[in-house]
There are 2 protein chains.
Amino acid sequence: MLRTHNCGELRITDTDKNVTLCGWVQYLRDKGGVTFLALRDRYGLTQIIAQDSKSSPDIIQKLQSTGREFVIKITGKVVERSAKNPKMPTGDIEIYAENVEILNPSKVPPFLIEDETDGGDELRMKYRYLDLRRNTVRQNLELRHKMNRFTREYLDNLGFIDVETPVLIKSTPEGARDFVVPSRMNKGEFYALPQSPQTFKQILMVAGFDKYYQIVKCFRDEDLRADRQPEFTQIDCEMSFITQEDILDTFEGLVKHLFKNVKDIDLPKVPRMTYADAMQNYGSDKPDTRFDMKFVEITALAQGKNFGIFDQAELIVGICAKGASEYTRKQLDELTEFVKRPQIGAKGLVYVQFKTDGTIKSSIDKFFSQEDLQKIGEKMGAEKGDLILILSGEANKTRKQLNELRLEMGTRLGLRDKNTFSALWVMDFPLLEYGEEEKRYFAMHHPFTAPKPEDEHLLDTNPGEVRANAYDMVINGVEVGGGSIRIYQRPLQEKMLGLLGFSPEEAKAQFGFLMEAFEFGAPPHGGIAFGFDRLCSIFGGADSIRDFIAFPKNNAGRDVMIDSPSPIADAQLNELSILVKK
Amino acid sequence: MLRTHNCGELRITDTDKNVTLCGWVQYLRDKGGVTFLALRDRYGLTQIIAQDSKSSPDIIQKLQSTGREFVIKITGKVVERSAKNPKMPTGDIEIYAENVEILNPSKVPPFLIEDETDGGDELRMKYRYLDLRRNTVRQNLELRHKMNRFTREYLDNLGFIDVETPVLIKSTPEGARDFVVPSRMNKGEFYALPQSPQTFKQILMVAGFDKYYQIVKCFRDEDLRADRQPEFTQIDCEMSFITQEDILDTFEGLVKHLFKNVKDIDLPKVPRMTYADAMQNYGSDKPDTRFDMKFVEITALAQGKNFGIFDQAELIVGICAKGASEYTRKQLDELTEFVKRPQIGAKGLVYVQFKTDGTIKSSIDKFFSQEDLQKIGEKMGAEKGDLILILSGEANKTRKQLNELRLEMGTRLGLRDKNTFSALWVMDFPLLEYGEEEKRYFAMHHPFTAPKPEDEHLLDTNPGEVRANAYDMVINGVEVGGGSIRIYQRPLQEKMLGLLGFSPEEAKAQFGFLMEAFEFGAPPHGGIAFGFDRLCSIFGGADSIRDFIAFPKNNAGRDVMIDSPSPIADAQLNELSILVKK
């Protein structure tokens, strides 16, 4: 090694040692005859000094010829600092420079390499190597490494086997859009990049692998949002001869193991909620359970008071925001504007303030007596100091709108602390969703999810009512993982694909290999996949997944650092037997 | 779980327990009133029995209605076997069946699910899920999992950080052919799949990550051979502030750690050999050092004897095959035919037999006296019982031919045992190779490899003579890994790309981001990558990598199980703005 120590490890007990350090110049200061330089590497920061009165002019000159982000090698003696810095792990010592070598100079970086930077998003992405030098970004990737490591530790110890499934696979029409790869050797044919290793992990179960996992890149050619990337990583798992309960136990265990080892948090037993309850009580299949504020339905109670909007509503439902009774007119107007935004689409918002002085004030005083409001308050558990917010209209829409309002109130009331973690299993999802536009059913999870045995008879009569043994893990209102018990019998798989609009020929062309595999002794099986980028960002207390990915793409799917995608040579296109449309 | 135990864990101490097992029917036998069934899962095999005299007719009937590869669930009591089978870990016990449930029937598999199968390659690949049920294939993948696990353990403990680099990157003209991915959002532009994360890992060093690793899929669109796959896996590593010695130490340590933990073998210190010595002594940059049989050059000694072929040769070189003096005429003819095959291309083979009776017999007796032959024998260390084999001609060609003959002799003499492991570092590779056809230099390793500092001055005058700090690890004659110290300064990188025929514009378009990164404080760095599929196959004692990959592709790049690649819909092509050429 060019160094004897890294920049984070020297302590007072190392005093008088001769050491060599390598790293980047964080800053350089000249204070009346003393030159200070902070040397940085992945492991920390160490102060280097030289004094006009004692050091050779050559050393001083060399130090002063450096600048931010120069790479240098310093040899010198560890000395105790006179002015110690308790905030730095190495703050008790400094290195008295005796030799300085500039390994590589640096141009002035286009933004500050500090925890708080002045670089905008595009600039940080173009110079990602400089952005990655910042502690905050590096720590995100160190967290990711830890998450990876402890995930493997947990699963390895349970006898799961990591099997790599192929990346060059086959395009399937169901689900999101595939990225495709033209085959040179098979003219006119294409591979697809996997959206998940779903069919391969099921094949591994048919092959008797019993317990499989993989931390694996997956791909989806979708229009991008802030928290979506064309390539993303999954913790992908599958088990045989299990019930749903075994999967929930095993992977609740994984999440607990990660919280314990990565964050030293003892996650309590993860509560469970049916999809139906989640929709009814939170208007969402991924409720943020860091705070309560459950929906309370007051349709019967609130109708018949000549308030037309309520009287015509399918559902009248509200939340009780504790301690918000003294919201100003302006704040209440903001909430009304919030729910009326086109993304949410409510027509209006009804509020009832249970003031701290005991009075009740509402936006519907014209129609509701104090006694009426009191009754509503009782039903909703409102006390002095609370604010009730009520929406009404078509049931499903209203619940979705109230979900947004509930989250907004949670944020406003400081109930969504990023360092508080609340995990939840949401279960018993419907097997199918009806697409009004396409006039057909879609798989809520994917085409391989098994119906609950007790609902299987409904497949012929009322497919929309069939529930699945499917489950999502939700942490702080974010779906971090999901899975299901799978179909493992050919006739049921054929029926399912039929319901999804596949002709028998299409079903065979796409999934024939899987259905054929089911005929050669497929075991009952099920699994789960966690969104690894998302899971890391939740653990890191961040909203976006982008800073937990070393080299993310922007919203146009571009890597601005390497400037990709890019045109390719005509010779390459020729070899692949494809043309670009003009 | 549907089971209480797996099929590999019950022992005599479990006698009288009531257990439930799930698995596949390995075989079913009816021996005069006793039904035997062997139940198999990933963990082992357990014998199930039922007796006409004691068991219910229903149980017997159910057992007998099963067949090979049926998936069943058996509940029963563990009993001691009267005829124990010491070859099976569960061979002391059997399960007396009390309940039998058929979880899934199976069609008759198209080949035997046994260690030795009757299935041909194509059939095994089409029904890969059945092939993977065979112990031998499953064990290969279990070995691979272990290799992965212990690689991570070693590198994690040394502070390496696993960083995922992108799969959708940019096509580069240097090196092998890229797979490309049309971008829907950037019309007419393409991503490429990485042949290695080379530039990204160097960027991570510039970013200060210090020690990086990744076990990562890479892609190469090349014509395939038995031991090549379009997608393959690398253990990819890079370190900063190191010398070549640090890399050799660190990764010799990795290989030792793997041998110790995966195979319980203490690998001795790995010897080192220069490229020049390897070529001179073995005619190969990846010599199989499980056996000696070094080349001995006898040009001076063997010329001037009026044997025209020798007299006109640039090089006369031989090997001494210990104990092969009594090879028959037929065997010697076979060897001559071997070297004359077009793949090898020698014109002929000269042999000298130092017979056990003390006589010397050669194919050049006409020109060489016994004394001459004796001298050659002495030079080559031949003793009574040895066979000398000599080739001559143009130096480089002759060495390559003799390398093939040496390996053939090693095989014939049983010196290449798959359970013996001999590792070697080959070092000091030339930086550049001259392409006679293209009339330009090519990077022997890749364009980012640094010249040896002491040879750097030759770049301008004699590039072909420049050696690199590049190294390969060779095990049993197979290159399992290779790496180099990298260029980290822009001017040198520009010069290197210039030597490789890049115009300044091309260099900037392809690698501008890397050269720009070098200007913002790039540390000295270097690394290595191991071919993970190949490393696993060596550890598994196999020649082909295919059985160490769960779902390999055939030589036409096809996955015959899922039938991929395949045509895609016109709508997909339209969205991607590409056409297939008719």
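## A quick tour of a two-chain model

Strands here are DSSP runs of E with at least two residues, helices are runs of H or I with at least four residues, and both are numbered from the N terminus. This is a predicted model, in which local features need pLDDT of at least 70 and side-chain atom pairs count only at pLDDT 80 or more, while totals for chains, interfaces and linings use all residues. As for bookkeeping, residues are numbered from 1 along each chain as its sequence is written, chains are lettered from A and ligands numbered from 1 in the order in which they are written, and side-chain values use heavy atoms, with hydrogens and water left out.

- A:Asp16 has a phi near 80°, which is a positive value in a residue other than glycine.
- For background, most residues other than glycine have a negative phi, and most peptide bonds are trans.
- In chain A, a cis peptide bond with omega of about 0° links A:Ser564 to A:Pro565; A:Pro565 belongs to the loop between helix 16 (532–539) and helix 17 (570–575) of chain A.
- In chain B, B:Ser564 and B:Pro565 are joined by a cis peptide bond, with omega about 0°, and B:Pro565 is in the loop between helix 16 (532–539) and helix 17 (570–575) of chain B.

**How the two copies relate**

**Cavities**

- Searching the whole structure turns up 11 cavities of 30 Å³ or more. A cavity is a set of points, on a 1 Å grid over the protein atoms alone, where a 1.4 Å probe fits but cannot get out; lining residues have an atom within 4 Å of a point.
- The largest cavity has a volume of about 370 Å³, where volume is the space filled by probe spheres set on the points, and grid points are joined across faces, edges and corners.
- It is lined by 21 residues, and the closest to its centre are A:Ile215, A:Val216, A:Lys217, B:Ile215 and B:Val216.
- Helix 4 (135–157) and strand 9 (211–219) of chain A, along with helix 4 (135–157) and strand 9 (211–219) of chain B, are the elements that give two or more residues to this lining.
- Strand 9 of chain B gives the most to the lining of the largest cavity, with 5 residues.
- By class, the lining of the largest cavity has 7 nonpolar, 6 polar and 8 charged residues. Nonpolar means Ala, Val, Leu, Ile, Met, Phe, Trp, Tyr, Cys and Pro, charged means Asp, Glu, Lys and Arg, and the others, Gly among them, are polar.

**A helix crossing in chain A**

- Helix 7 (residues 275–282) of chain A packs against helix 12 (residues 395–412) of chain A at an angle of about 70°, with the axes 8 Å apart. Axes are lines fitted to C-alpha atoms, for helices over the stretch in contact, and angles run from 0 to 180 degrees between N-to-C directions.
- That makes helix 7 of chain A roughly perpendicular to helix 12 of chain A (the word covers angles of 65 to 115 degrees).
- A:Met279, A:Gln280 and A:Tyr282 of helix 7 of chain A make the contact with A:Arg399, A:Asn403 and A:Arg406 of helix 12 of chain A; contact means heavy atoms within 4.5 Å.

**Two spots in chain B**

- B:Leu499 is part of helix 14 (residues 490–499) of chain B. Leaving aside neighbours within four places in sequence, B:Leu499 is in contact with B:Leu432, B:Tyr441, B:Leu459 and B:Pro463.
- B:Glu383 is in the loop between helix 11 (370–379) and strand 16 (386–393) of chain B. Not counting residues up to four places away in sequence, B:Glu383 touches B:Lys322 and B:Phe354.

Methods:
1 Å grid on protein atoms, 1.4 Å probe; cavity = no way out; pocket = protein on both sides within 12 Å on 5 of 7 lines; lining within 4 Å. Parallel < 35°, antiparallel > 145°, perpendicular 65-115°, else oblique.
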